[in-house]
Amino acid sequence: MPSTVDPPGKTAKRKRKTSESKPSKRARSESSEDDVQAQILLLETEILESKQNYNNITALIKLLRDDNEDAENSVIAAVSLCRVFTRLMMSGEMTKREGTSEKEIVVVKWLKERYSEYKTAIIALLGEENISSTALTLCMRVLKTEGQHLHDSKEYNFPTKFLTDVVRVLLKSGSDGTTRKEFSKKYVEENDDVRFYTLEAVEKILTEAQTQAPATALLDNALDILTAVESVPESKEELEDFYITPPKKTTHGLYSLSQHKKRAQGAWLALMKLEMDKEQRKTILRLTATSIAPWFLKPELLMDFLTDSYDAGGSMSLLALSGVFYLIQEKNLDYPLFYRKLYSLLDSEILHSKHRSRFFRLMDTFLASTHLPAVLVASFIKRLSRLTLNAPPGGVVAVVPWVYNLLKKHPTCTFMIHRETHAEAKEVLESEGMDDPFLPEEEDPMETHAIDSSLWEIVMLQSHYHPNVATLAKIISEQFTKHSYNLEDFLDHSYGSMLEAENAKDVKKPPVIEYEIPKKIFMKQDAASGTEDSLLVKLWDFN
């Protein structure tokens, strides 16, 4: 076989003139690298010129595998082999035909074995940093060519095993996240057939992982791929973008919307069965109603995961709320203690939680039905009103309009803000006062007696130190002329946003300030000044 590089140990020695300088180490290195790359291109050219040079494929695979010192040479060898195998598959040299001789069958078998070795080698490159993106491009290029040309029959043949190997490397701990995102966005999201078989591969890999030691990275990497699929097809007609020439038979699973959803459902269920930490579970819960449930043919299969999360309490329950309610509303999930559990979430932390806005949006949905018992609605109104006494201003300004809207939707609860008392009872009330009949420790919202109480907490808020809160609280004491408040206008307030709004206001009347700046605050005044010492100095000795 011709070669541009002399075998090691046989290079002829040449005498140099004394005046001739030796080449630098860097120059020798660059020259050697150029020789290797030239050899790779020569080997590729010879393969494409004649079948007699097919043994050069073995030499290229050896260069691809063994050149550990220079990744660039490995990449060039991989690219050359990609061109070689692409040309061979497209020309039919790697496929058995009618009338093929025994000798040609042996050659075809040998080429397929070398092609298998090549795929193993570029799969290994896929796990290497800095060259994984190039390796991914090569993998997907040969996958496409193999799917379209490397099969003996005319039946559709997608290289599922090869794709599974690619996905397996991308899911491994330490794999390049940029390459994984490139695979997800460029191939999985854009091509229906790649998505179909990728979901199948993810389910298979995650199912195998359930019997192995927990791997946090595996779950995170699988989430990267699964969440990249943003658009859920809604009809069979949307399944039209294929990476490989699609099957001719319209009965194939690729044309079935239910088969696509079945594979996505299987992948998500396999993911949910893995051991996960708190943050990973929260991430999945945030996606349940919007990105996960639409894929499920049987959303009730989410029941165990959601109810376990809902029963966990705290922020986990808040995130599971929307998913549980979706199952109750859409799939008739039987959860008889739903409102009791929801009531238990109204603790001292809820108005301080970062999920406060999300919770109020859901609460607005859960209590919107006019068929709910007034006793139940009153308990929620009273509990949240009580919590405002120790809540930040940003939380209070969300509660007050929420209470207003509920009172408008459930007029029978307005007894809590206006209840006529008889003369005798009024005298006793004014002279002795009364105990609040509300039972704050009661867990059942149907037994709290909140309907017999009043919203004195909202009246207390009318004297709040923050003027915006005090002004807003007064809407409960005025006539209910407004139909409802848009809750979105009040949900995202915080100390910062309220301070910015206050600073942006125009000052109509200048505030009263000290007209004379005192010279001494913490010290006694000079006797000659005739100024009296401040009360602070009189009561406290700072010496």
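Contact means heavy atoms within 4.5 Å. With that in hand, Thr179 can be described: leaving out residues up to four places away in sequence, Thr179 touches Leu126, Ser132, Ser133, Leu136 and Leu170. Thr179 belongs to helix 7, which covers residues 177-188. Its relative accessible area is 2%, so Thr179 is buried. The structure described here is a predicted model.

Two packed helices are described by the angle between their axes and the distance between the axes. Helix 3 (residues 71-91) and helix 4 (residues 102-126) pack with their axes 11 Å apart and at an angle of about 140°. The crossing of helix 3 and helix 4 is left-handed. From helix 3, the residues that take part are Ser74, Ala78, Leu81, Cys82, Phe85, Leu88 and Met89. They meet Leu111, Arg114, Tyr115, Tyr118, Ile122 and Leu125 of helix 4.

The loop between helix 4 and helix 5 (132-149) holds Asn130. Although Asn130 is not a glycine, its phi is positive, at about 80°. Asn130 counts as exposed because its relative accessibility is 72%. Glu129 lies in the loop between helix 4 and helix 5 as well, and with a relative accessibility of 65% Glu129 counts as exposed. From C-alpha to C-alpha, Glu129 and Ala267 are 27 Å apart in space, while 138 residues separate them in sequence.

## The loop between helix 18 and helix 19

Which residues does Thr448 contact, leaving aside its neighbours within four places in sequence? They are Tyr343, Ser379, Pro437, Phe438, Leu439 and Glu442. Thr448 itself is found in the loop between helix 18 (423-432) and helix 19 (456-461). Its side chain is joined to that of Ser379 by a polar contact of 2.5 Å. Is Thr448 buried or exposed? Thr448 is buried, because its relative accessible area is 0% and buried means under 20%.

His449 is also placed in the loop between helix 18 and helix 19. Its phi is near 60°, a positive value in a residue other than glycine. His449 counts as partly exposed, with a relative accessibility of 38%.

Ala450 is another residue of the loop between helix 18 and helix 19. At 1% relative accessibility, Ala450 is counted as buried. Setting aside neighbours within four places in sequence, Ala450 is in contact with Ala378, Ser379, Lys382, Met416 and Phe438. Ala450 and Asp526 are 76 residues apart in sequence, and their C-alpha atoms are 62 Å apart in space.

| Residue | Relative accessibility | Class |
|---|---|---|
| Glu129 | 65% | exposed |
| Asn130 | 72% | exposed |
| Thr448 | 0% | buried |
| His449 | 38% | partly exposed |
| Ala450 | 1% | buried |

## Aromatic rings

How many aromatic pairs does a search of the whole structure find? The search finds 18 aromatic pairs. A pair of aromatic rings is described by the distance of the centres and the angle of the planes. For Tyr343 and Phe380, the centres are 5.5 Å apart and the planes make an angle of 85°, an edge-to-face pair. Tyr343 lies in helix 14 (residues 338-344) and Phe380 in helix 16 (residues 374-387), so this pair ties together parts that are 37 residues apart in sequence. Tyr343 is buried, with a relative accessible area of 1%. Phe380 is buried too, and its value is 0%.

Tyr343 also has a charged group over its ring: the charged end of Arg383 sits there, 4.3 Å from the ring centre. Elsewhere, Lys482 lies over the face of Tyr485, at 5.2 Å from the ring centre. One aromatic cluster is formed by Tyr310, Phe325, Phe338, Tyr339 and Phe366.

## Val397 in helix 17

Helix 17 (residues 393-409) contains Val397. Val397 counts as buried, at 5% relative accessibility. Apart from its neighbours within four places in sequence, Val397 is in contact with Val469, Leu472, Phe490, His493 and Met498. Val397 and Leu302 are 95 residues apart in sequence, and the distance between them in space is 35 Å, C-alpha to C-alpha.

Key:
Residues are numbered from 1 along each chain as its sequence is written. This is a predicted model: local features need pLDDT of at least 70, side-chain atom pairs count only at pLDDT 80 or more; totals for chains, interfaces and linings use all residues. Side-chain values use heavy atoms; hydrogens and water are left out. Helices (H or I, at least four residues) and strands (E, at least two) are DSSP runs, numbered from the N terminus. Buried means under 20% relative accessible area, exposed over 50%, partly exposed in between (1.4 Å probe, protein chains only). A polar contact is a pair of N or O atoms within 3.5 Å; within protein, one must be able to donate a hydrogen and the other to accept it, and residues adjacent in sequence count only if both atoms are side-chain atoms. Rings of Phe, Tyr and Trp (its six-membered ring) pair if their centres lie within 6.5 Å; planes under 30 degrees apart count as stacked, over 60 as edge-to-face and the rest as tilted. A charge sits over a ring if NZ of Lys or CZ of Arg is within 6 Å of the ring centre and within 35 degrees of the ring normal. Axes are lines fitted to C-alpha atoms, for helices over the stretch in contact, and angles run from 0 to 180 degrees between N-to-C directions. A crossing is left-handed if the near helix is turned anticlockwise from the far one by less than a right angle, and right-handed if clockwise.
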